[in-house]
Amino acid sequence: MEPTTVYPARIVRTMDPSRPTAEAVAVRGDRIRAVGGVAELLSYPGAVLDERYAGTVLLPGFVEAHSHAGSGNVWASTYVGLVDRTDPDGRRWAGCRTIDEVLDRLREAEAELETPDEPLLAWGLDPIYFPGRPLAAAELDRVSATRPVHVAHTSGHVCAVNTPVLHRFGIDASTPVTGVVKDDTGKPTGELREFAAMALVGELTAGSSLLDVDERALRRFAQDGVNTGTTTLTDLGTTTLMDDDGVALYRSTVDEDYPARLNVFHFGAGVGRVALSLADAAERLVRLRGLSTERLRFGNVKLMLDGSIQGFTARLLEPGYFGDQPNGIWAVSPEEFHEAFETFHRAGLLVHVHCNGDQTTQLFLDTLEAVLTAHPRPDHRHTCTHSQLSTPAQYRRMAALGACANIFANHIWAWGDQHLDITVGPDRAARMNAAATALRLGVPISLHSDTPVTPLGPLHSVKHAVTRLTVSGRVMGEHERIGVQEALEAVTIGGAYLLRTDHEVGSLEAGKFADLAVLADDPLAVAPEDIGDIHVLGTVVGGRHHATRVPAPAADPAP
């Protein structure tokens, strides 16, 4: 018989309301045998004591229900984002605070390339931080007027390219694709918005984009999970599952030694041409679901409906954008969306739908109601992901229809000031990412990072949902703050519920997988604004320890 190992901690927070705190967790094999007091757990047959976590705080491993495995790829390109970020290997990258700093970093990276025709690829840009200084072909030509230069915006919905790229792919005044931005004379500026336009230059980023993964990317993605206490990850949108080699990549990489559980969602509509018909894709996904393991899950679908609010490509109801900018871009037509949603729903698959704008949430709900009326299905857990501008009326309707919401709390910090002042204005910004309203109206929620759009880190998501602080220190909607316990539940059992895995992970209960986050401090014992700074020491996945690669913060010097 396998031994039962008892792990005492400073405190164990279980997310199980019947026993919310404990002294220790008892693990046998890859499962939790019991949670309780040390003496109680040592009374189990064959129990042994292991005090490696005695000075730490143990929580259920965090569940990230909206992330992208391609975030393991982006670090092969040059980072030019505004904020400092830490890569999966623990290296901290300084942010670029001005457009001139962005251009300087691009020039440094360009000088290191070995061949004159090798593309310069960068990521993390967001021009909304630099009003009046757009970064497109005119600026990028100053980096190189001969080498292709491609800079992805941090949202993943926009990119900027230089003139050599426009010429190489024949993008000119006659190009009819929606999203090719043009100046007053009709000439393309070099900014490409949304997937149809970005696909025109997709050859440049083949193998290194957000939707591309390889073994190295998957492993770096998992290490990022270890670094942040995240034991369940989601690749929310891949285009590789319709190909046997793509499936084989996930199956060979996500093995019993992989330091996370991974839920893989097929990108069913909204990112351009698809490999199979909707019916054939649904049939294939049902078959793939049978190949799922305890570490790797297939059989879920993501549908894309609109763009990003900060990129002005999300679809908004009246009164629209704060500055009366034109409404955003549908990723697919409402008719195409209905067909895709209905097909995957009827196949019994879980569907998460990208909805940033409130007009998009409205279409999601209208479609969900129509499909459920025609094809009832209990406990479907279809999810409005991002749900940034969803209104109280829409949340009431989500509750009535059995829908869930995965709320993008990180936006409050990353773009809160811009939402208040530029995108939607102070009135609607105050109710963006309305976790309190969703919970009050009975909608199951989680909080997410959408990494690499914002850094993976559930503790940061908790902080943002609790404080709703912007970078400048303003509170963006004080009445939408939620409590620390509610936020911790959202990134544990809440995320597990949205992924239909709450019977296996998300709380520390007997019989569930022994998946834990190992923290240096207790999120309920520090100031809310400090929760995101809690050092993560590592994770336990299926009873096996995995260590962080992020150095512990330096101790304060003695007085």
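Okay, so Arg549 is partly exposed, with a relative accessible area of 45%. Keep in mind that this is a predicted model. Arg549 has a partner: its side chain meets that of Asp89 in a salt bridge, 3.1 Å from N to O.

By the rule used here, the count comes to 30 salt bridges.

Here's another one: Asp417 with Arg474, where the closest N and O atoms are 3.0 Å apart. This pair also links distant parts of the chain, from Asp417 in helix α15 to Arg474 in the loop between α18 and α19, 57 residues apart. Asp417 counts as buried because its relative accessibility is 12%, under the 20% cut-off. Arg474, at 34%, is partly exposed. There's a network as well: salt bridges with shared partners join Asp379, Arg381, Arg500 and Asp502.

Now, helix α18. How many of its 10 residues are buried? It's 9, so to speak a mostly covered helix. Among the buried ones are Pro458, Leu459 and His464.

Last stop, Thr238, in strand β15. Thr238 is buried, at 1% relative accessibility. Its side chain makes a polar contact of 3.3 Å with the side chain of Tyr250. Beyond its sequence neighbours within four places, Thr238 also has contacts including Leu211, Val264 and Phe267.

Technical notes: Residues numbered from 1 in each chain as written. Predicted model: local features only at pLDDT ≥ 70, side-chain atom pairs only at ≥ 80, totals over all residues. Heavy atoms only, no water. Buried < 20%, exposed > 50% of the residue type's maximum accessible area, 1.4 Å probe, protein only. Helix = DSSP H or I, 4+ residues; strand = E, 2+ residues; numbered from the N terminus. Polar contact = N/O pair within 3.5 Å; in protein donor to acceptor, adjacent residues only side chain to side chain. Contact = heavy atoms within 4.5 Å. Salt bridge = Lys/Arg side-chain N within 4 Å of Asp/Glu carboxyl O.
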